[in-house]
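Biologist: I am new to this structure. Please take a close look at one part for me, and then show me what surrounds that part.

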Amino acid sequence: MQVKLKRTGSTLIVQMMGELDHHAVDAMREKIDVKLLHEDIKNILFDFQGVNFMDSSGLGMILGRYKIVSAKGGKVLACSLNPRVRRIFELAGLENKIPVFSSKQDALAGA
Amino acid sequence: MDNYMRLEIPSKSQNEAFARVVVAAFAAQVDPTIDEISDVKTAVSEAVTNAVIHGYENGPGTIVIAATLEGSRLEVTIIDYGVGIADIEKAREPLYTSKPELERSGMGFTIMENFMDSCHVVSEPGKGTTVTLVKTFSRADDTEA
Ligand SMILES: Nc1ncnc2c1ncn2[C@@H]1O[C@H](COP(=O)(O)OP(=O)(O)O)[C@@H](O)[C@H]1O
Ligand SMILES: [Mg+2]
């Protein structure tokens, strides 16, 4: 799993490449939280363009970031989910909390 | 039985990907669809991750993954000799997790149940847990032109 963090205004874009499982999540959580702690970030956009696998560990990591960000009035968004990832989002009812967009452009317009 | 495999790995998070890929490769010989293979990969990942996080609480231990193929029926068994589950019914409830502090979503068993035909759990506190996952494939080789 490769993770790139970029900023657009007050939104942190988390660009992921690879498989989002327990092992990957443990490594990326800290990277994101360090940014949240030291920079003025309001929203997080998880870009799933390069994610070909996700299990429930991915859900837990996203919900954890949602807790942090929403406590300060920010939003967590997701974009470019493949149908597999989308099915897991739906099973967990994640879309009530985390709006899903078909592209990064649409998501940033909605942030 | 047409074929079988048995894999023994130490309880380490980097082995989760290895385990699910091995089972997917084993199942691939009966030509499941890409979606069916993804279902198996995800369900195996959940069971192995549970053995690592809950069974052995991120400490040392041995995980055994055994699988059989009979025609287009795959049966995968994931075994740990860890802490075990006291209340299996409760553990299987959607969104239930005993480790919210580790940001677990409580969706592992729900995913196993949804992505496989069946998910059977046998467990004894202090002894360990055995999860048996079954899926019969639609035989993509019969339907694809
Ligand atoms: N192999 C195991 N050994 C011990 N306890 C387990 C095992 N697998 C699952 N459990 C228990 O069942 C609960 C639910 O599992 P699951 O649905 O995968 O959710 P999560 O892993 O997010 O907690 C776990 O929180 C844990 O208490
Ligand atoms: Mg789990």
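Modeller: Let us start with the aromatic rings. The model is a predicted one. Over all chains, the structure holds 1 aromatic pair. The partners are Phe48(A) and Phe89(A), and their arrangement is edge-to-face. Their centres are 5.7 Å apart, with 90° between the planes. Phe48(A) sits in strand 3 of chain A, while Phe89(A) belongs to helix 3 of chain A, so the pair ties together parts that are 41 residues apart in sequence. Both Phe48(A) and Phe89(A) are buried.

Now to the contact between the chains. Chain A brings 20 residues to the contact, and chain B brings 26 residues. Three residues, His22(A), Arg84(A) and Leu91(A), supply 32% of the area that chain A buries against chain B, more than any other three residues. The area buried between the two chains is about 1,900 Å². Carbon and sulfur atoms give 49% of that area.

Charged and polar links come next. The interface of chain A and chain B has 7 salt bridges. Asp21(A) forms a salt bridge with Arg20(B), where the closest N and O atoms are 2.9 Å apart. Between the chains, 15 residue pairs are in polar contact.

Which elements of chain A each supply at least two residues of the side that touches chain B? They are helix 1 (22–38), strand 3 (43–54), helix 2 (56–70) and helix 3 (83–91). Helix 2 of chain A gives the most, with 7 residues. By type, this side of chain A divides into 7 nonpolar, 6 polar and 7 charged residues.

How values were computed:
Residues are numbered from 1 along each chain as its sequence is written. Chains are lettered from A and ligands numbered from 1 in the order in which they are written. This is a predicted model: local features need pLDDT of at least 70, side-chain atom pairs count only at pLDDT 80 or more; totals for chains, interfaces and linings use all residues. Side-chain values use heavy atoms; hydrogens and water are left out. Contact means heavy atoms within 4.5 Å. Buried area is the accessible area (1.4 Å probe) that two parts lose on being put together, summed over both. A salt bridge is a side-chain nitrogen of Lys or Arg within 4 Å of a carboxyl oxygen of Asp or Glu. A polar contact is a pair of N or O atoms within 3.5 Å; within protein, one must be able to donate a hydrogen and the other to accept it, and residues adjacent in sequence count only if both atoms are side-chain atoms. Helices (H or I, at least four residues) and strands (E, at least two) are DSSP runs, numbered from the N terminus. Ala, Val, Leu, Ile, Met, Phe, Trp, Tyr, Cys and Pro count as nonpolar, Asp, Glu, Lys and Arg as charged, and the others, Gly among them, as polar. Rings of Phe, Tyr and Trp (its six-membered ring) pair if their centres lie within 6.5 Å; planes under 30 degrees apart count as stacked, over 60 as edge-to-face and the rest as tilted. Buried means under 20% relative accessible area, exposed over 50%, partly exposed in between (1.4 Å probe, protein chains only).
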